[in-house]
Amino acid sequence: VTVTVAREGQEPFDVTITREIIAIASVRSRMIAPGYAYLRISQFRVNTGNELEEEIEELTAENEAIDQPIKGMVLDLRNNPGGILQASVGVADAFINEGRIVYTEGRLEQTGLDFSATRKTVAGDVPLVVLINNGSASASEIFAGALKDHKRAIILGENSYGKGSVQSVIPLNNGGGIRLTISKYYLPSGKSISEVGVTPDIFVEEAINGFKINSEKDNQLNYAIKLFNS
């Protein structure tokens, strides 16, 4: 496709662009301190579980090569709007050995779903800290809530959004549709996250001045690092 670009003070010019499918990684990782890994999950997509496993395996191999085993992980779900339910279940399954992860209940029996762990852990018993904030919603809340209920991780940050409902689109004859809530998500403890969200174990507000996620001014991430070292 040819795009004409107009810039202030310049004559318009054409740029030819080739259309391609752009695959955006939903998991990024790095070492934040010797022995401590940081994994940011921006959204729960179809391949998020596989991406997470690959990142952990790569970090583990790199650290074993320098005789520095991973002693702790920070999983950053801040501003993660959610995504595919099954993807969040798969990621939670990577850290939980057994037990329920999430279930849904509605007025109709067929709207009920139940998901449990399958012992496919990839991080063993490595200590975990999960970062959340008000932008963490839906599938990210399911993940954080499941790890909190199983006491598998320390949840740190601010209260999550509280999007715990399941919608279904009912088509109308005029071509429109109605989005109707048919059930709600429930954590292993039986608590609903709808309109209440997940409460962190350690409440840490974002710094007022200069706060930026995954930077030197990220006071929540810095708190997590200090927590590991304490």
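Modeller: Strands β3 (residues 27–33) and β4 run antiparallel and are joined by six bridges; two strands pair if DSSP finds at least two bridges between them. Across this pairing, V27 stands opposite I41 in β4. The two strands form a hairpin with two residues between them, and G35 in the turn has a positive phi of about 90 degrees. Helices (H or I, at least four residues) and strands (E, at least two) are DSSP runs, numbered from the N terminus. This is a predicted model, in which local features need pLDDT of at least 70 and side-chain atom pairs count only at pLDDT 80 or more, while totals for chains, interfaces and linings use all residues. Residues are numbered from 1 along each chain as its sequence is written, and side-chain values use heavy atoms, with hydrogens and water left out.

β4 (36–41) is also one of the elements that the buried residues of helix α2 pack against; the others are α1 (48–65), β6 (100–106), β7 (113–116), α3 (139–149) and β11. Contact here means heavy atoms within 4.5 Å. α2 (residues 85–93) is mostly covered, with seven of its nine residues buried: L85, A87, S88, V89, V91, A92 and D93. Buried means under 20% relative accessible area, exposed over 50%, and partly exposed in between (1.4 Å probe, protein chains only).

β11, a packing partner of α2, also holds I182. I182 counts as partly exposed because its relative accessibility is 32%.
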